[in-house]
Each structure stands twice: as C-alpha cells, then as structure tokens.
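The questions below concern charged side-chain contacts and solvent accessibility. Each answer ends on the value or name asked for.

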Amino acid sequence: MTGHRLKLPPLVRGLSARLLLLTIAFVMLSEVLIYAPSIGRFRLSFLEGRLAAGHLAILALEATDDNMVTEDLEQELLAHVNAYSVALSKPDDDLKLMLMVEKPGAIDSAYDLRNATFFGLIGDAFMTLWHGENRLLRVVGPSPKDPEILVDIVLDESPMRMAMLDYSQRILQLSFGIALITAALVYLSLHWLMVRPMRRITSSMVAFRASPEDATTSLAHSDRGDEIGIAQRELTSMQEGLRASLQQKTRLAALGTAVTKINHDLRNILATAVLVSDRLTGSDDPEVRRVTPTLMRAIDRAVNLCAQTLNFTREGPPVLDLSHFDLYDLVQDVGEGLPQPVTGESAWSNRLDVGTDVEADRDQLFRVLSNLGHNAIQAGATDVSISARRAGDRFVIVISDNGPGLPPRAREKLFQPFEGSARVDGTGLGLAIARDLMRAHGGDIELEASDAEGTCFCLVLPITQSRPKLTATGRAAA
C-alpha cells in the first residue's frame, strides 16, 4: 500500500507548545483575577495606616493640658502622618481635636471607609491608578487602634499611587514567575503523560497506513488504565484485526485467481464424467444402476460448486440499477422459481400488500430473496412467509420459515464465504452474496431469530436511495 507519508508537526507547532502557551495564559488570567481584589485591599490598608498614624498624632494633643501643641510640633506630627490635616472625634464627646498646617485647598474626592464595599474598593483602586495627576483626598473612617474613634484626614493621592504601582510591579513579577514555573511543570507532565503517547500512536497510525501488513508497525502493549492506555490497546487490537483480514483477503484473492484458472479445465473433466455416468444408467448390472444416481448427484454438486466459486471470484463489487417497483410482484416471481417441498404444495407465502413500492435493484433483490428461499426449502422448511414493515427511514423485509433452524456453528460464521453453510454440501456463498448486495443498497441483512421453531431473516433497505450508489465495499460505484 502506497500513499503520502504524513510528517508529525515539530514541537514548536505541536500540541506541547499549545499546551504551554495556554497554561501561561490561564495562569496569568488567574493572577489578574487575584490582583484586582488584592490591589483594592492594598489601597484600603494604606488608608487605614494613615488613619492609624493620624490617631497617634492626635494623642500628642491629648497629652497637653490645653490640647494645644507648638506649630513646629504640629508640622512634625503631620509630616509623620503625611497629611495636611487630621481631625479626631470620640463618641459621646462634643470635643473634636484637630491638627492642620495650612488650609489644604479644594478637595478633589472624599471617601468614607465605613461605607466601603468589595467592588467599590476595587473600582476606587483602579481609579487611583488611572489618574496620572495628583489629587487631594479626604478620607474618613474608624481608627484601626480604636473602632469607636472616627478619624478624618486630608492627604495627597500621589504617595498612595506610587505605593500601589510598586505593589503592582511586585505582583506582576511574582505572577510571571508563578506562571512560568506552573506552565513548565504542567508542560512536562502533559508532555510525558499525553503528548509523547499521542505522538507514538500517531506515528503508528501513519506507519500502518503506509504498510498495513508490516507487523513491526504495531504499538507495544500498554498497561495504562486511563483513556490513553485504552486508546493504545484498542488501536493495537484494531491493527491486528485489520492485518489479519488483509492477509485473509490476500489468500482468498490468490485462491480466486487459482480457481478461475483451473475452473475451465475442471468443468471439462466433470462434463466428461457426466457423459460416462449417463452411459452407466443403461448398464445391465443392478449394482451399477443403483449407485449411478448417487454418482450423478455428486458430480452435479461438484459442477455447482465450481460455478458458484467462479461467479463469486469473478463478479466483484455489485453495481446497482435502481428503480421503483412493486415488491409484491417481485416476491411472486421469486416463489414461482423455487423448488416444491416434499409435501408437493408451494412453501412460498407472500403476505405483502399489492402496491408495496420500494426503490432498489430489482434483479439483485430477486437474487437475495431467491437465495434465502432456496436455503430454507433445502433445509426442510414447508412454509416460508414474506412480510414487510417500516422502521423510521428504513424498510424491513422479513423472511421467516418453519425449518429446523441454523446450527450454532453456522450462526457464528453465517455471512463468511465457504464457512457459513448449514448444509454439509453447501458453500456458504449464498448468504455472503446476499449481504454484499444488501450493503450495496445502503442496507443490510440480519438474522433476527433461529431456533427449533424456524429461522427469521430481516432485509433492511433505505426508504429512498437519494445518495451515491454504493458497492459492497462501501465505496461509491464508478
């Protein structure tokens, strides 16, 4: 078998590289989802730190008798807080302590940390990062040192933005490090567990396609219990089965060629034997006249075997001539050509309605029904009934008889040439040919039942044949 030999993609364009890139992308996406609440929490912590520092600065006022400090000390305390003003109020106390260097100016934005929400903190954090210019903020919230105390501070936004940018840079560096380490570990794991076995399986498939009869292209046995192991074992089993089938078909093809070459000479030899046997019927010897019919039947079976074998090897895939016709009339024609059973009455029972229209090759379907009818009557059936039913988009023809049924050995190899015959002198070609013809129609033949009460076959046909005419091999006919 020849064909274009496929090349596996290099690692940079293969499954491994895609897995690596996807892993990095997903880890970075996860880091972004983690970063958003983290930066919001960082901003809240920064402001709470300023509130705590403001609370500590106000304590200097409480340490004096008049709640006053010098201007230099006030500036130093506010510089420690990094704020323009700090105000503090206590519950149940009308006294409000305050430190302020100078009037800070117009407030650009005010935040009350008592009303902070999860998504609000994230939005405020990204708003801070978005603004490039400094803003003057007023922040009100409970003191981290004492939740009962409310602290009010006014400060610049720039220091907080710089701290947030520095924090973001560290988060970004950490994220890249985590992504690369995680991606490398996932890449190595998946490459070892999935990519390498898949490349072996793909290489085996490509090699098998190029040379299906070469046993060295088979995969080694795998003991893995996961999907990869199951796929590898199933592929190995499939390759072995296909290889065996190809070898068998090769032997059958060689046999067919040999039979075709010797069939002509063999039939001439058998014809001579028939002539000699005819003369024996006029012999005066009673013993010769007694064995002559047996000899004639044996020669007839040999001639029939040669003819069937030659036809089977010569015919090839059937080509269909589709048409619409009345199935009732076809079944009637088949019955007229069947032999009569020992009872002398016709065993063929046509239970179809007149006008049962089907689309098929009439001659080929005649051949299928005739083969089944002959097999049933030769097996000893005295009643062979034909009926039909619709099953969805399929038309099912049912052939049932009251014969003795098929033996187990015949059922195991029912549609295999030269092996599926229920009779000692049978070739097994009738059912094999019937299956090929039904599959050429896009249908099939199935054994529905076979026991001591009789045998039932089902011929399955599509309702319409609006598709390419198929041969028995499943390929479109030329």
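Buried means under 20% relative accessible area, exposed over 50%, and partly exposed in between. The model is predicted.

Q: Is D152 buried or exposed?
A: The cut-off for a buried residue is under 20% relative accessible area. D152 has 13% relative accessibility, so D152 counts as buried.

Q: Which side chain meets D152 in a salt bridge?
A: The contact has an N to O distance of 2.5 Å, and the cut-off for a salt bridge is 4 Å. D152 lies in strand 5 (residues 150–156) and its partner in strand 4 (residues 136–142), so the pair ties together parts that are 14 residues apart in sequence. The side chain is that of R138.

Q: How many residues apart are R389 and E448?
A: R389 forms a salt bridge with E448, and their closest N and O atoms are 3.6 Å apart. R389 is in strand 9 (residues 384–391) and E448 in strand 11 (residues 444–451), so the pair links distant parts of the chain, and the separation is 59 residues.

Q: What is the relative accessible area of D444?
A: D444 forms a salt bridge with R439, with the closest N and O atoms 3.5 Å apart. R439 counts as partly exposed at 37% relative accessibility. D444 is partly exposed as well, with a relative accessible area of 21%.

Q: How many salt bridges does a search of the whole structure find?
A: R135, E157 and R161 are linked in a network of salt bridges. For the whole structure, the search finds 8.

Terms used:
Residues numbered from 1 in each chain as written. Predicted model: local features only at pLDDT ≥ 70, side-chain atom pairs only at ≥ 80, totals over all residues. Heavy atoms only, no water. Helix = DSSP H or I, 4+ residues; strand = E, 2+ residues; numbered from the N terminus. Buried < 20%, exposed > 50% of the residue type's maximum accessible area, 1.4 Å probe, protein only.
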